[in-house]
Amino acid sequence: MTLERINASNLGGRPRPTERIIQFGEGNFLRAFMDWKIDRMNEEAGTDYGIVVVRPIDGGIPVSLNDSDGVYTVLSRGVGSDGAPVSDARAIAAVSREISAVQQWDEVLKLARNPDFVAVISNTTEAGIAYDAACRPEDTPPASFPAKVTRLLMERYETCGGADAPGFHFLPCELIDKNGDTLEKYVYQHAADWGLPEVFIAWLKAENAFYNTLVDRIVPGFPRDEVETLEAELGYHDPLMVTGELFHFLVIEKRDDQPELVLPMAEKDEGTIIVPDASGYKERKVAILNGAHTGLCPLALLSGTVSVKQAMDNPAANAFLKTMLEQEIMPHLSLPPEELKAFCEEVLRRFANPFILHRWYDISLNGLAKFHTRNLPRFKAHMAATGEPPRCMTLSLAAWLAFYTGAFEGHADLPPRDAENVVARMAEIGALKSSDGVDGMVRAFLADTTLWGESLASDGLVAATVEAFAFLTREPFTLDRLADY
């Protein structure tokens with residue numbers, strides 16, 4: 001029997017909220033985290049916040065939300081406090097439609113002209129909040145996300161009353177330190193470079209707010225291996241179904257000089273908190289949870305291991321990950337050791353969730369930028385404290401080099417998932433192996449300031465990475481071999 005695609009008729013009469021939120025990013029995480037939270041907020045707190053999704057760049061998920069009235073399913077799965085399995089399917093009513101920034105830029109600007117819109121959320125990956133001096137306000141659209149935001153703010157100011165125009169509350173979810181502050185800084189930089197008037201700058205400061213956030217939920221994405229069974233149970237076809245773990249945690253930093261949030265996200269949600277300083281929560285999560293994912297990911301890919309759960313079931317990989325966390329990451333964090341230990345143990349339990357198929361290849365997206373953001377700060381702290389490269393994270397760094405340069409069996413089926421310029425640069429670095437040897441290739445990799453923001457190519461780290469690369473590539477790599485490293 002052919003199932004009909006999910007649509008508004010599958011909402012059981014639940015109302016569709018008024019469009020009030022602009023969302024940059026259509027990916028799995030935002031749909032299974034922020035959109036899911038906002039959908040629950042509307043129902044439980046009686047609020048009325050609908051979401052328009054803007055695809056910030058071409059590509060991405062090859063299925064449109066428009067073909068299902070914006071409706072899709074979030075499947076939350078895990079083990080409850082009583083040890084029993086939990087699987088909760090929720091059809092999301094909060095998203096109304098999607099538009100393309102590249103193909104429909106005027107439609108995006110039209111959202112800014114509508115004063116009903118009060119908030120902007122985003123997840124444009126770690127590489128998304130970056131400054132591009134080449135962007136101009138007349139571009140359709142400007143290439144970078146901060147430039148798009150600046151142009152959106154110009155449109156709001158110019159069409160909704162100038163100094164009296166209502167502003168936006170920004171909740172960026174990108175996994176970079178001080179994500180709201182960084183986005184704000186780049187918006188002001190564009191405003192200065194574009195020669196925008198002082199009255200606009202004053203309005204920007206007075207009527208708009210950029211909040212730092214921390215987001216935490218493991219979202220494996222589309223359950224491709226179970227979709228037929230799940231769709232039969234649900235009674236509809238849903239190519240945008242997304243799975244997530246039961247755990248969900250959102251920290252919003254609201255400083256004393258910032259207005260109360262227009263979105264009451266913490267009102268009925270124990271998994272959302274508002275604090276004056278999110279630094280400790282962010283450092284803990286990015287370093288331990290995200291750092292563990294990014295640290296083990298290339299080793300799993302080189303070994304042909306498909307999922308996080310499979311890796312956690314491997315004794316050598318499990319021990320390697322614990323060593324990396326306990327010896328190379330946790331000693332360089334600011335929170336109390338007992339709190340870090342408890343969080344680390346919970347993370348390892350979450351990784352072993354038997355109901356979540358989290359694929360390493362999905363995690364590998366923009367892997368080098370993730371290593372830079374998530375692992376490099378602790379990597380450098382360890383070197384500063386001990387004078388030696390951290391052994392486990394150095395092996396991970398060498399594994400990322402092997403992955404991006406295709407130095408492993410099965411590389412044809414697992415090409416790197418990254419920006420074209422990064423993939424091209426890594427191909428150039430990989431080609432140096434034949435002319436300059438492994439040493440020359442590794443030195444070029446570590447010295448590339450476009451990848452790391454600085455040169456990492458000290459003689460000690462080059463030697464350690466060359467040794468690690470040789471260990472990974474002298475024979476087909478398996479996770480079992482981690483016991484010998």
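Reader: At what angle do helix α10 and helix α11 pack, and how far apart are their axes?

Author: About 155°, with the axes 12 Å apart. Helix α10 covers residues 315–329 and helix α11 residues 337–351. Axes are lines fitted to C-alpha atoms, for helices over the stretch in contact, and angles run from 0 to 180 degrees between N-to-C directions. Helices (H or I, at least four residues) and strands (E, at least two) are DSSP runs, numbered from the N terminus. The model is predicted: local features need pLDDT of at least 70, side-chain atom pairs count only at pLDDT 80 or more, and totals for chains, interfaces and linings use all residues. Residues are numbered from 1 along each chain as its sequence is written, and side-chain values use heavy atoms, with hydrogens and water left out.

Reader: Which residues in α10 and α11 meet?

Author: Leu321, Lys322 and Leu325 from α10 meet Cys344, Leu348 and Phe351 from α11. Contact means heavy atoms within 4.5 Å.

Reader: Switching to aromatics. How many aromatic pairs are there?

Author: The structure holds 19. Rings of Phe, Tyr and Trp (its six-membered ring) pair if their centres lie within 6.5 Å; planes under 30 degrees apart count as stacked, over 60 as edge-to-face and the rest as tilted. Take Phe170 and Phe210: their ring centres are 4.4 Å apart and their planes at 5°, so this pair is stacked.

Reader: Where do Phe170 and Phe210 lie?

Author: Phe170 is in strand β7 (residues 169–172), Phe210 in strand β8 (residues 209–210). The pair therefore ties together parts 40 residues apart in sequence.

Reader: Are Phe170 and Phe210 buried or exposed?

Author: Both are buried. That means under 20% relative accessible area; exposed is over 50%, partly exposed in between (1.4 Å probe, protein chains only).

Reader: And how are the rings of Trp400 and Phe403 arranged?

Author: Edge-to-face, because the planes are at 75°, with centres 6.0 Å apart. Trp400 and Phe403 are 3 residues apart in helix α14 (residues 391–404), about one helical turn. Trp400 is buried at 1% relative accessible area, and Phe403 is buried at 1% too.

Reader: Which rings does Phe379 cluster with?

Author: Ring pairs link Phe379 with Phe371, Phe445 and Trp452.
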